[in-house]
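I opened this notebook to record what I looked up in one chain. The entries follow the order in which I consulted the model.

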Amino acid sequence: MCKRENAADALADLQAWVGEPFDTAGRRYDGGKESVDRFWKDLKTDQGMSVEPR
């Protein structure tokens, strides 16, 4: 994975896949705004979707 110059570059890369369907942690997201919002909420609140820092 390449290094990011700054957070704005990382955010731009993430926004590039908005609108594209994707699967993660056994869940399907359609890529729409509500779906992406639900993904971020799930990521923050569902411990099964994240790994504890080392």
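**Entry 1: the loop at Ala25**

I began with Ala25, which lies in the loop between strand E1 (22-24) and E2. I worked throughout on a predicted model, in which local features need pLDDT of at least 70 and side-chain atom pairs count only at pLDDT 80 or more, while totals for chains, interfaces and linings use all residues. Residues are numbered from 1 along each chain as its sequence is written, and side-chain values use heavy atoms, with hydrogens and water left out.

I noted that Ala25 has a positive phi of about 50° although it is not a glycine. For reference, most residues other than glycine have a negative phi. I then looked up the exposure of Ala25 and found it partly exposed, with a relative accessible area of 49%. In these entries buried means under 20% relative accessible area, exposed over 50%, and partly exposed in between (1.4 Å probe, protein chains only).

**Entry 2: the chain as a whole**

I next listed the secondary structure and found 2 helices and 2 strands. Along the sequence they follow the pattern α-β-β-α. Helices (H or I, at least four residues) and strands (E, at least two) are DSSP runs, numbered from the N terminus.

I recorded that buried residues make up 15% of the 54 residues in the chain. The accessible surface comes to about 4800 Å², and carbon and sulfur atoms hold 52% of that surface. Such areas come from the Shrake-Rupley method with a 1.4 Å probe; for residues, only the protein chains shown count as cover.

I also looked up the contacts in the chain with a separation of 6 or more: residues 24 or more positions apart account for 8% of them. Contact means heavy atoms within 4.5 Å.

**Entry 3: aromatic rings**

How many aromatic pairs does the structure hold? I found 4 aromatic pairs. I examined Tyr29 and Phe39, whose ring centres are 5.6 Å apart with planes at 80°, so the pair is edge-to-face. This pair links distant parts of the chain, with Tyr29 in strand E2 (residues 27-29) and Phe39 in helix H2 (residues 33-45), 10 residues apart. The criterion is that rings of Phe, Tyr and Trp (its six-membered ring) pair if their centres lie within 6.5 Å; planes under 30 degrees apart count as stacked, over 60 as edge-to-face and the rest as tilted.

Tyr29 is buried, at a relative accessible area of 0%. Phe39 also counts as buried, at 11%.

Trp40 belongs to helix H2 and counts as partly exposed at 34% relative accessibility. Together with Leu11 and Leu14, Trp40 makes a nonpolar surface patch of about 260 Å². Patches are made of residues with over 30% relative accessible area and no salt bridge: like charges are joined within 9 Å, nonpolar side chains (Val, Leu, Ile, Met, Phe, Trp, Tyr) within 5 Å.

**Entry 4: salt bridges**

I counted 4 salt bridges in the structure. The term requires a side-chain nitrogen of Lys or Arg within 4 Å of a carboxyl oxygen of Asp or Glu.

One of them joins Asp23 and Arg28, with the closest N and O atoms 3.1 Å apart. Asp23 is exposed at 53% relative accessible area, and Arg28 is exposed at 53%.

Arg27 counts as partly exposed at 30% relative accessibility, and Asp46 as partly exposed at 22%. Asp42, by contrast, is buried at 16%.

**Entry 5: surroundings of Asp42**

Leaving aside its neighbours within four places in sequence, Asp42 is in contact with Arg27, Tyr29 and Met49.
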